[in-house]
Amino acid sequence: MLLFPKPKRKPKLRKPLKRSRKAIKARAKFKAHGDNPFKNYRRRFTDYQVMVRAEISRQARLRNPTAAELAFAEMLDGMRILYEREKIFLNGDRFILADFYFKAHKLVIELDGSAHDDQKKYDAGRDAWLLRVYKVRTIRLTNEMVFKKPVEVRILAIKALNMASGAHL
């Protein structure tokens with residue numbers, strides 16, 4: 001028995017986090033590593049650690065492809081075009097996974113679902129960063145285009161690959 005029993009405390013109810021519109025908009029912008037010349041960048045992770053995290057994410061995305069990715073991959077296989085699925089591009093402590101990468105043409109084709117309707121600015125920054133750092137052009141197609149207009153998608157892919165390699169139709 002205690003001489004001075006501890007008073008029972010009521011558990012504090014936590015308030016839900018309030019995020020300002022400014023914080024949400026700030027996250028919508030793609031941030032390239034080293035963009036701010038006034039900031040001293042200190043890496044939290046080594047390249048090896050980032051690559052391990054990227055490879056885990058890549059394997060998860062390869063195990064669970066979308067229906068549009070499967071259809072587009074089948075279309076490319078039918079045309080016998082060499083590509084790499086879920087290519088990893090390093091960005092400091094972060095990484096980017098590109099849907100389809102054509103190494104010989106330095107071209108990325110991204111298939112965008114409905115989630116990309118709200119992040120056009122982020123996607124544009126990401127595409128500009130890929131072009132600036134890795135000299136890789138990006139073409140964005142919607143999932144609906146792959147299913148509803150497969151002939152146009154095929155023609156667009158062939159034109160993009162020909163333009164990237166320097167041969168014009």
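1. Helices here are DSSP runs of H or I with at least four residues, strands are E runs of at least two, and both are numbered from the N terminus. Please keep in mind that this is a predicted model, in which local features need pLDDT of at least 70, side-chain atom pairs count only at pLDDT 80 or more, and totals for chains, interfaces and linings use all residues. Residues are numbered from 1 along each chain as its sequence is written, and side-chain values use heavy atoms, with hydrogens and water left out.

2. Is Arg58 buried or exposed? Its relative accessible area is 17%, so Arg58 is buried. The cut-offs are under 20% relative accessible area for buried, over 50% for exposed, and partly exposed in between, with a 1.4 Å probe and protein chains only.

3. Now look at the surroundings of Arg58. Setting aside neighbours within four places in sequence, Arg58 is in contact with Glu84, Arg85, Glu86, Ile88 and Leu97; contact means heavy atoms within 4.5 Å. Asp99 is 41 residues from Arg58 in sequence, while the C-alpha to C-alpha distance between Arg58 and Asp99 is 9.9 Å.

4. Arg58 also has a salt-bridge partner, Glu55, with the closest N and O atoms 3.5 Å apart. The term means a side-chain nitrogen of Lys or Arg within 4 Å of a carboxyl oxygen of Asp or Glu. Why are Glu55 and Arg58 about one helical turn apart? Because they are 3 residues apart in helix H2, which covers residues 47–63. Glu55 is partly exposed, at 30% relative accessible area.

5. How many salt bridges does this rule give? The count is 10. One of them links the side chains of Glu86 and Arg85, at 3.5 Å from N to O. Both Glu86 and Arg85 are buried.

6. Another salt bridge joins the side chains of Asp127 and Arg140, with an N to O distance of 3.0 Å. Asp127 belongs to helix H4 (residues 120–134) and Arg140 to strand E4 (residues 137–142), so this pair ties together parts that are 13 residues apart in sequence. Asp127 counts as buried at 18% relative accessibility, whereas Arg140 is partly exposed with a relative accessible area of 24%.
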